[in-house]
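Please read the points below alongside the sequence and the model.

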Amino acid sequence: MASRGTVQRPNGQTQGKICQFKLVLLGESAVGKSSLVLRFVKGQFHEYQESTIGAAFLTQTVCLEDMTVKFEIWDTAGQERYHSLAPMYYRGAQAAIVVYDITNQDTFNRAKTWVKELQRQASPNIVIALVGNKADLVSKRSVECQEAQSYAEEHGLLFNETSAKTAVNVNDVFLAIAKKLPKNENRTGPGSSGQGIVVSDSNNKPPSRCCK
């Protein structure tokens, strides 16, 4: 059994519990999965992001009030030829982010298919977040926020619209997941990599947000 570690918060207080969770990103090619992860992990955005081959692995931590959540993130490729590999990455995952492009209805339809697959084949208690990316292109919207939000509510999903380019709501997605994960059933580890994303969970933000 892994040991429980401690982490030092920026204000000097010691935070005792570090929880590690496997998180997978799914969605069609070019919806911005890699850009979301890059924004979350490194605070960066590249206008021309190369397509992921197979899957990429990154880690980042989120500091809550009473613990640190470490995400082990698998960013999967969206090209059709890699879809058969997806179960290898979401198997055993405690959380998943299913991403679509708000300017492309087809990617939203495909996101629904991913949700069905996860709910049928992934871990029974997996936390799933539906994310509409490219909110900076709201003038070109083809997927209405209320449609996606209603779908998410009907299927028990977290929901948010994000922009990896402007960083809007990106950290909020991971924070919402971190807060919903069952902390008493995860595995703990002795440390975390990187500086971590320090966020406060003291404000009860709504579970879903649309970008106008």
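1. What does the accessible surface of the chain come to, and what percentage of it belongs to carbon and sulfur atoms? In this predicted model, the surface is about 10200 Å², and carbon and sulfur atoms hold 47% of it.

2. The chain has 212 residues, of which 52% count as buried. Its secondary structure consists of 5 helices and 10 strands. Among contacts in the chain with a separation of 6 or more, 75% are between residues 24 or more positions apart.

3. In soluble globular proteins, nonpolar side chains tend to be buried together. Here the largest nonpolar core holds 30 residues, and L23, F71, I73, I97, F174 and I177 touch the most other members. Two or more residues come from each of β3 (17–27), α1 (33–42), β5 (67–76), β6 (95–101), β7 (127–133) and α5 (170–180). The greatest contribution is that of α5, with 6 residues.

4. Apart from neighbours within four places in sequence, L23 is in contact with F71, E72, I73, W74, A95, I97, F174 and I177.

5. On the cysteines, a search of the whole structure finds 0 disulfides. Are C19 and C63 buried or exposed? C19 is buried, because its relative accessible area is 0%, under the 20% cut-off. C63, at 7%, is buried as well.

Technical notes: Residues numbered from 1 in each chain as written. Predicted model: local features only at pLDDT ≥ 70, side-chain atom pairs only at ≥ 80, totals over all residues. Heavy atoms only, no water. Core = buried A, V, L, I, M, F, W, Y, C linked by side-chain atoms within 4.5 Å. Buried < 20%, exposed > 50% of the residue type's maximum accessible area, 1.4 Å probe, protein only. Helix = DSSP H or I, 4+ residues; strand = E, 2+ residues; numbered from the N terminus. Contact = heavy atoms within 4.5 Å. Disulfide = S-S within 2.5 Å. Areas by Shrake-Rupley, 256 points an atom, 1.4 Å probe, with all protein chains shown as cover.
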